[in-house]
Amino acid sequence: MRKLTYLAMVLVLALGMILGACGSSEETAEVDQSDDSAAVTLDNIPPYDGEICIAINGNQPTFTDEELREAHESYEFFGDLDQSGRCTAAQASLSYDTMPDQSQESRGDISEVHPSGWHSGMEWERMHLIAWSLSGENANPQNLITGTHDCNYNAMRVKEIETAEYLEHHPDQHVLYRVTPVFYGKEQIARGVQMEAESVEDKGHGLCFNVYCYNVRSDGAVIDYKTGVVDVSAASGEAKKPGDKRAYVLNTNSMKFHYPSCSGVADISDWNKEEVTATRDELIRQGYDPCGLCEP
Ligand SMILES: [Zn+2]
């Protein structure tokens, strides 16, 4: 259980320590794992300046030699929620075997999970630490945090696709993978997530990254990270105050309405899909129900 304790402690970003440069076949010198003096906090992450995902630590993950050795067998580990009900970290040795067969199954319903800071009607998304497409994990509260569409779709998804493609092309290999949400103090909403990955059998030649994805809104909406309340009136573009008209996507068959950013929109056939600009109340009066996933 030593590893679990270690993981729980690693809530800060280890920027400075290179425990094994991936892409290099040389073993690095013995590193004392208890030495976290080089670990840094959120203070070392530059403020968001328009780039939603940045490489940190020279893009080198900070897995230990022991973790890399153990990663020759697939596993998935999801850290316990902390005392404030927040996700800690998720780590896995991913392989073709941990991935769901997307021709046989589709993602399950995760709408019953309300991660820390969750508010409906504020365009939050339930963001998997380790994506369903990699792990097959659905409604696991230890694997879902409250995230913005920008972070979920424009940052994390890019690295998830990269990882899935590596595994699809190397079905007998493993990727050691860790996602750590970064919270500031007692805040309920993560400021960002650190994503680390290293292909195991080829020592990172095929896949290797250590990135930080900002959990921000690029449209200028103001997030209260303590509570999860979002002031969308500051958002650029169309007015988005509650009660104002805004863009929704309708499923005219199931009679649900979605935010355009909802991942469920992709599953609506063109035949049943309709894009509208309306108020929430207008749609409800027309007989539509809010989607349980995006909770518009
Ligand atoms: Zn939806």
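This briefing walks through a zinc site, a helix, a strand pair and some salt bridges.

The model is predicted, so to speak of a local feature takes pLDDT of at least 70 and side-chain atom pairs count only at pLDDT 80 or more, while totals for chains, interfaces and linings use all residues. Residues are numbered from 1 along each chain as its sequence is written, and side-chain values use heavy atoms, with hydrogens and water left out.

**Zinc site**

- H258 (ND1), C262 (SG), C291 (SG) and C294 (SG) coordinate the zinc ion at 2.2 to 2.4 Å. Donors here are N, O and S atoms within 2.8 Å of the metal (3.2 Å for Na, K and Ca), and since water is not among the atoms, sites may look incomplete.
- Why call the arrangement tetrahedral? The angles that the four donor atoms subtend run from 95 to 125°, and four donors count as tetrahedral if all angles lie between 85 and 135 degrees.
- Along the sequence, the donor residues follow the spacing H-x3-C-x28-C-x2-C. H258 in strand 12 (residues 256-258) and C294 in the segment after strand 14 (289-290) are 36 residues apart, a link between distant parts of the chain. Helices (H or I, at least four residues) and strands (E, at least two) are DSSP runs, numbered from the N terminus.
- H258 and C294 are both buried. Buried means under 20% relative accessible area, exposed means over 50%, and partly exposed is in between (1.4 Å probe, protein chains only).

**Helix 4**

- Helix 4 (residues 149-169) has 21 residues and should span 30 Å at 1.5 Å a residue; the end C-alpha atoms are 28 Å apart, which agrees. The expected span is 1.5 Å times one less than the number of residues.
- There is a bend of about 40° at R157 in helix 4, taken as the angle between axes fitted to the seven residues ending there and the seven starting there.
- The buried residues of helix 4 include D150, C151, A155, K159, E160 and L167.

**Strands 4 and 5**

- Strand 4 (residues 125-128) runs antiparallel to strand 5, with four bridges in the pairing. Two strands pair if DSSP finds at least two bridges between them.
- On the strand 5 side, G147 is the bridge partner of E125.
- Strand 5 (residues 144-147) is covered on both faces: L144 and T146 are buried on one side, I145 and G147 on the other.

**Salt bridges**

- The count comes to 11 salt bridges, each defined as a side-chain nitrogen of Lys or Arg within 4 Å of a carboxyl oxygen of Asp or Glu.
- E123 and R217 form one of them, at 3.4 Å from N to O. E123 sits in the loop between strand 3 (90-95) and strand 4, and R217 in the loop between strand 8 (208-214) and strand 9 (222-223), so the pair ties together parts 94 residues apart in sequence. Both E123 and R217 are buried.
- R178 and E196 bring their closest N and O atoms to 2.8 Å in another salt bridge. R178 is in strand 6 (residues 174-182) and E196 in strand 7 (residues 192-199), 18 residues apart. R178 counts as buried at 2% relative accessibility, and E196 does at 1%.
- E282 and K245 pair up with closest N and O atoms 3.1 Å apart. E282 lies in helix 5 (residues 280-285) and K245 in the loop between strand 10 (230-231) and strand 11 (246-251), so parts 37 residues apart in sequence are tied together. E282 is partly exposed at 23% relative accessible area, and K245 is partly exposed at 44% relative accessibility.
- Through shared partners, salt bridges join E123, R217, D219 and R246 into one network.

Note on methods. Four donors count as tetrahedral if all angles lie between 85 and 135 degrees; four count as square planar and six as octahedral if opposite donors are over 155 degrees apart and all others between 65 and 115; anything else is irregular.
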